[in-house]
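Subject: Structure handover

Hello,

The structure is placed below for your files. My notes on it follow.

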Amino acid sequence: MATGTVVEVVMPQMGVSVSEGTVTKWLKSVGDHVDADEPIVEISTDKVDTEVPSPGSGTLSEIVVQEGETVAVGTLLGRIGGEPGATAPPPPPPPEPATQPAADEAMASAEDGVRETPKPAAPEGNGHDRAFVSPVVARIAAEHGIDPAAVPGTGHGGRVTKKDILAFVESTPAAAPPAAAPVQSTVQSTPAAPPATPQADEVVEPMNAMRRGIAEHMRRSLDTAAHVTSAIEVDMAKVVAIREKLKPEFQRAYGVNLTYLAFVARATVDTLREWPWVNAELRGESIVTHRTVNLGFAVALEGGKGLIVPVLKHAEGLNLLGMARGVADLAERARGKKLLPDDVQGGTFTITNPGSFGTFHGTPVINQPQSGILGTYAVVKRTWVVQDERGDDTIAIRPIMNLTLTYDHRLVDGAYAGGFLRDMRAKLETWGESDY
């Protein structure tokens, strides 16, 4: 967005359900030159961490929102001068005293997103419309015994918004409840313990937007679904042999690293066609089965800074090469903070791959509102009983992978989950060259 010779950097709209973002890091300092479309600031939402490209070229003349601050979509983050050394325009003059209360009231109501009815109150000394509060603000103030006039307002003309009243409530010690009739009791009440003071050997830091989103999403999943996990062992000998044959070709011809995950993902898509309730969800009392497979892949960000699940749309139409390309692209963009909100939405089934770290078993949490999540684990050489050419049992060394399926028992029964895992194992153990 440009204003004269100054380009404004604002908090972008990162999806219809995202209303705010947190500035995590400025990639440029005041006085630095920045080119158009060059990353200038990193932001974090409850869905993605991403880099915001510069909307223009010039010198970063002002940083308005500092690192760690959370602001609404559309908020001015900083300014870029049109030429090196350009300075920011002077701030706008303070608003004049309101002369049309009805117009001011309408603007304030739009800001809170509710229709407002004026309440009689003593006029403010500054002439602004702070005396008017929305029904939502009035209700919250009444519930907590707060005088809205005592709350610093950030709305139009200093008006108190819902965000202001909630922030004031959080920062104010809870008021004592109204006195009630005495009740005879022999139990002595214990006052709530105050928050623990960090010790000298402790480091305390606030959760970022992504971590808060993960915490809420995981807790809600456990509160919603009836989690059950089933596991199966897979002899990956044929997959290992085909991967060793194809990996150099894929790398040389297409620049793609062929991983075991691509094989598992390809087999998953085929098996979901045969067991559609694993690719379904519950909506109230209805079962919604998806005709397409939008495959999510859990990607851990560096240093444990978060977990993100980008989605490979219409994975049912991809062969092994397409699957390998898609998985690599999603992982690279996730770790490079290049994902958009649409890249993490619309998933119908999720795969998580902790086996890349050497783990051999786990119980993943379902990615709501899906009904299942597949866990893939390390391929480990183990002693295994096989049949020789005469049909006799013998002991061999085989590359074995554990697979787990965590499913919502409200929809998927144990026998159904077992059938899914059995058929998926069969596909991986009988993989042939025609399955590319």
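Five aromatic pairs turn up in a search of the whole structure; rings of Phe, Tyr and Trp (its six-membered ring) pair if their centres lie within 6.5 Å, with planes under 30 degrees apart called stacked, over 60 edge-to-face and the rest tilted. One of them, Trp277 with Tyr416, is tilted, at 6.0 Å centre to centre and 35° between the planes. This pair links distant parts of the chain, 139 residues apart: Trp277 sits in the loop between H6 and strand S11 (280-283), and Tyr416 in helix H8 (residues 414-429). Helices (H or I, at least four residues) and strands (E, at least two) are DSSP runs, numbered from the N terminus.

This is a predicted model, in which local features need pLDDT of at least 70 and side-chain atom pairs count only at pLDDT 80 or more, while totals for chains, interfaces and linings use all residues. Residues are numbered from 1 along each chain as its sequence is written, and side-chain values use heavy atoms, with hydrogens and water left out.

The largest pocket holds about 800 Å³ of space. A pocket here is an open set of points on a 1 Å grid over the protein atoms alone, where a 1.4 Å probe fits, with protein on both sides within 12 Å along at least five of seven lines; lining residues have an atom within 4 Å of a point. Grid points are joined across faces, edges and corners, and the volume is the space filled by probe spheres set on the points. Of its 30 lining residues, His217, Val309, Val344, Asn367 and Gln368 are the closest to the centre. Helix H4 (209-224) is among the elements that supply at least two lining residues each, and H4 gives the largest share, seven residues.

Two backbone points remain. The peptide bond from Gln368 to Pro369 is cis, with omega near 5°, and Pro369 lies in the loop between S17 and strand S18 (372-376). Asp37, which is not a glycine, has a positive phi of about 70°; its place is the loop between strand S4 (33-34) and strand S5 (39-44). Most residues other than glycine have a negative phi, and most peptide bonds are trans.

Regards
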